[in-house]
Amino acid sequence: MSHGGGGHAAELYPENQILIVGVVLSIVGMYIAQFIPQLAMLVGGLLTVAATVAGANTTRRVAAYGLGTGVPSIGMLSLGMGTVAALSGVLLANGMVTQYGFSNVVLYLIPIFVAVIAIVLGFIVGKLTVKPIGMKIPIMVESMTKLALMGALSIMGFCVAFAGGFLPNVVIPGAVNNGIIGLAFIAAGMAILHPFNACLGPNESHKRTLLLAVACGLLTWFIFSVASLDVVSIIVSAVLWAIVYRLFVKQSLNDACDVLYIPELPKKEM
Amino acid sequence: MDPTLLALGALAFAGASATVAGCAEDLESDVGSQSNPNSQVQLGPQMGNIHRYFNKAISGEPVAYGLYVAVAGLIAWALMNTGLNVLLAIVIGAGVAAIVHGAYAVSAYLGRIVGQSKNFGQPVYMDVIMTHIGPIVGHGFIAVFCMLLAAYLAGTALGNPFPLPLIALIFGITVGSIGSSTGDVHYGAEREYQKYPFGGGIPVANQGDIDIKAETGIRNGMDSSYFCSRLGGPLTGLCFGLIVFLDGWRGIIGSILGGDLITKSAIAIVVGIIIVAIAAYINRVIEVYARNKYGPYTNR
């Protein structure tokens, strides 16, 4: 597709740098949510934004290979793998303790479990997209692995922030049985797929895409804050979102060739 | 009161609100040229057609509506758990979803237009954003509110076993899909290519060569929505309302006639098959009638 171009513009920050920041911050956020449940939404939710930003940045890199209409699909695929990894990470640790008599310490490794399962799953799906499906994107396996990881951490991060902990007896009744994970799937998915889907084009710039990624992540955090009825988080997330969104709008108007306020088409040069 | 009567009433109410939701959803997506027509709007400037359409590239309609209705559903569910009035909770949920919708819509327009602004000379029209965002968010609010109402009825009166946020997600994806599949036919490519003979499809050579002039003045998304409000929107609503109504109705017929669970389910399945057969037959009759009346497409 011709309109799938862009995304090869100079990178503001290297992809792996953003990825590492996203992984570390979101996992730290989950541990904070687990050990200080009063701060679960405020700190855990904020740090999970890093995971969605990193996911959006990876989407930008892989979708720049001319996916066009495939940008939303790859975002949904990322979150699909993420949901499987998040649920199986929680249930695997739970099963190890209840069925096979491992010590309870295993339960405190759930975020690591989720990350490792996501990496393995993403790698397998990436291999499948190359071998039987035959997509000719050189960074496909690498990107699928990263997307699965970021999808899993975003889903898990928001679920843990909402439920107030990642132990199976907290997160399963608090975020899975009541359907919160469904919203985490679609809202975090949108935050991952929308920034590049919106900004793609020959004049795409990494700065604008990243600003929008941060804004979308903060908006997702705002949604979860409203749902958890946590007033401090609602105010902080709304203010932060407004600041970043304003920066994005300003940057966009700055980068446009012209900003018009009247219904007039520019004259064509003959 | 008789539970069967209550279920029938709830079903009629859910069908009615689904009808309104489908109509509002389709008209909303036409204002913003979302999903199907969007790629042609996107190609316009590359073919030298500087346009004033609203380029609302928020994924496809199913995913976008899944998000809005799920957001509204989750917030309404959280508020209902605190003991707030159901209707008020649904309104507040739909309100937050409208804010989310507006934020995504403006960022999609700015992102897509600026993403090809310098290369192809497409300016950002601030007045397009200002005039279009109201109808987009407003229609979106109506659609989300009605869908959430239907989802709430499905959970409380019609025996859907899932929690409200999940039902809302599924209902949102459904209304988006119907709006995209039924509604886009009425806007879609033909409206953007009115200068070419009707029914000819879009050859690759013409792609991106969209109409930028309206009946009067320069065309924008509002003209498309006005055009579609005659047939496209109401038909989408009718289609979605019928789906919700007939699907629920076969289940209720089953529970009225059947005794145990197996007979109930069997009757529901048989009624479903009969409905599908009748619908397929009517479709075939209309298709044959249209072929006989208008004949094959000729290029003259």
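This is a predicted model: local features need pLDDT of at least 70, side-chain atom pairs count only at pLDDT 80 or more; totals for chains, interfaces and linings use all residues.
Local features here need pLDDT of at least 70 and side-chain atom pairs count only at pLDDT 80 or more, while totals for chains, interfaces and linings use all residues. Residues are numbered from 1 along each chain as its sequence is written, chains are lettered from A and ligands numbered from 1 in the order in which they are written, and side-chain values use heavy atoms, leaving out hydrogens and water.

**View 1. Helices α10 and α11 of chain B pack together.** Helices are DSSP runs (H or I, at least four residues), numbered from the N terminus. Here α10(B), residues 232-257, and α11(B), residues 261-294, sit with their axes 8 Å apart, at an angle of about 140 degrees. The axes are lines fitted to C-alpha atoms over the stretch in contact, and angles run from 0 to 180 degrees between N-to-C directions. Contact, by the way, means heavy atoms within 4.5 Å. Residues of α10(B) that meet α11(B) include B:W249 and B:R250, and among their partners' side are B:K264 and B:I267.

**View 2. Chain A meets chain B.** Here 54 residues of chain A touch 53 residues of chain B. Together the chains bury about 4400 Å², 73% of it on carbon and sulfur atoms; buried area is the accessible area (1.4 Å probe) that two parts lose on being put together, summed over both. Look for A:M190, A:N203 and A:L265: they supply 14% of the area that chain A buries against chain B, more than any other three residues.

**View 3. B:E28 and B:K56 form a salt bridge.** That's a side-chain nitrogen of Lys or Arg within 4 Å of a carboxyl oxygen of Asp or Glu. The closest N and O atoms of this pair are 2.6 Å apart. B:E28 lies in helix α1 of chain B and B:K56 in the loop between α2 and α3, so the pair ties together parts 28 residues apart in sequence.

Note on methods
Helices (H or I, at least four residues) and strands (E, at least two) are DSSP runs, numbered from the N terminus.
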